[in-house]
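Here is a quick walk through one model, starting with its ligands and moving on to helix packing and a few loops. Have the viewer open as you read.

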Amino acid sequence: HIKDGCKKDVEVKESSLKGLLNPCLKCLKPDTLYHLGLDTETTDFPKVFGDVRFVCMGGTKGRMEHFAYYVMQEIGLKINAATQLRDMAEAGNRFSMFKVGPVLCVSHGIGCPSISILLHELIKIMYHAKCQDPVFIRLGTCGGIGVDPGTVIISSEAVDGRLDSFHEIIVQGSGEKYDSQLDENLAFDIKLCHDPCKDRYEAIIGKTLCAHDFYEGQSRLDGAFCEYTPEQKKAYLEQLRSQDIKNIEMESLAFAALTGRAGIRSAVVCVAILNRLKGDQIQTPHEVLIKWEKRPQELVARYIRKVLYFS
Ligand code: R2B
Ligand code: URA
């Protein structure tokens, strides 16, 4: 359905996205967002999604559903106690998506391939719905580097395992590199929502290493395979610490690069569930993990409330 003669890299005028989106998007009638189970023919995107201002993402359905109900309460949108949110991506059978007024809450799965697919489809929603200046935020968990478990880390930028600040994708056999900086002002504004007197944890801004694996890619000693020594692991993590890397997770590179290409302001807010300089296995009790996972949610909900009502 893509018409011949689509010009490459023309600027999108209708939504406020400042990036160079695919000029052929306008020719797709309909555009099917396969992994979200949505299409532009059966859903009126401007009507359903046109008011979206915040797109919040996290790994699991459970966490994002919880966040959706929490945000509903925090921004005062709860109509009555029985309000039920619908999973708008249920038909796609991959991701889950809940909409609470201007806030879209979506699960992204694990790793850059998964979040990349989701971001392509979410950015297309923003485009088709003509959303104005949406902000994307990833809320997650991570391994801390020399930080106390329970600390919230807001990423200044994402780096890969070689500590390079770009996301490389292989397109038609060649490596294409995209910058993985994140929005400095947004990170700062989210950090301002942390109350150092009342919140019983720290929130810091720092560099994030994005790995493409949880075990060898994060220099763990407890994977099914391990071909390095504990001393080599320690040396690598110490090198990360000396380069001011504060945490390791698995999606920030693709998230920063794709939002950056679309001209979307974005942030990554993760809670450290262990200090990798002290171990690999996550043995923290479930109730404690649940409590920690709420910290990024609390900060981001405060940020959203502040933007909606006080700016
Ligand atoms: C953090 O936790 C997950 C791996 O356990 C991954 O999605 C990430 O970035
Ligand atoms: N998520 C990761 O990717 N690594 C950790 O160590 C913890 C959570």
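## Around ligand 1

The shell around ligand 1 splits into 4 nonpolar, 3 polar and 2 charged residues, where Ala, Val, Leu, Ile, Met, Phe, Trp, Tyr, Cys and Pro count as nonpolar, Asp, Glu, Lys and Arg as charged, and the others, Gly among them, as polar. Its members are Gly59, Ile110, Gly140, Thr141, Cys142, Phe214, Glu249, Met250 and Glu251; to be near a molecule, a residue needs its C-beta atom, placed from the backbone, within 6 Å of it. Strand 6 is the top contributor here, with 3 residues. Helices (H or I, at least four residues) and strands (E, at least two) are DSSP runs, numbered from the N terminus.

Keep in mind that this is a predicted model, in which local features need pLDDT of at least 70, side-chain atom pairs count only at pLDDT 80 or more, and totals for chains, interfaces and linings use all residues. Residues are numbered from 1 along each chain as its sequence is written, while chains are lettered from A and ligands numbered from 1 in the order in which they are written.

## Around ligand 2

Ligand 2 sits among Thr141, Cys142, Gly143, Phe214, Gln218, Ile248, Glu249, Met250 and Ile273. By class, that shell comes to 5 nonpolar, 3 polar and 1 charged residues.

Strand 6 (135–144) and strand 11 (245–249) each put at least two residues into the shell of ligand 2. The largest share, 3 residues, is from strand 6.

Helix 6 (residues 252–262) is mostly covered, with 9 of its 11 residues buried. Buried means 20 or more other C-beta atoms within 10 Å of the residue's own, exposed means 12 or fewer, and partly exposed is in between, with C-beta atoms placed from the backbone. The buried set is Ser252, Leu253, Ala254, Phe255, Ala256, Ala257, Leu258, Thr259 and Ala262.

Helix 3 (residues 112–129) packs on helix 6 at an angle of about 20°, their axes 9 Å apart; axes are lines fitted to C-alpha atoms, for helices over the stretch in contact, and angles run from 0 to 180 degrees between N-to-C directions. The two helices are therefore roughly parallel, a label for angles under 35 degrees. Helix 3 brings Cys112, Ile115, Ser116, Leu119 and Ile123 to the contact, and helix 6 brings Leu253, Ala254, Phe255, Leu258 and Ala262, with contact meaning C-beta atoms, placed from the backbone, within 7 Å. By class, this contact has 9 nonpolar, 1 polar and no charged residues.

Ile75 is in the loop between helix 2 (61–74) and strand 4 (97–100). Is Ile75 buried, exposed or partly exposed? With 19 other C-beta atoms within 10 Å, Ile75 counts as partly exposed.

A couple of non-glycine residues have positive phi: Lys130, near 60°, and Leu163, near 70°. Lys130 is in the loop between helix 3 and strand 6 and is partly exposed, with 16 other C-beta atoms within 10 Å. Leu163 is in the loop between strand 7 (152–159) and strand 8 (166–171), and is exposed, with 12 such atoms within 10 Å. Finally, the peptide bond from Lys29 to Pro30 is cis, with omega near 5°; Pro30 is in the segment before strand 1 (32–33).

Key:
Parallel < 35°, antiparallel > 145°, perpendicular 65-115°, else oblique. Contact = placed C-beta atoms within 7 Å.
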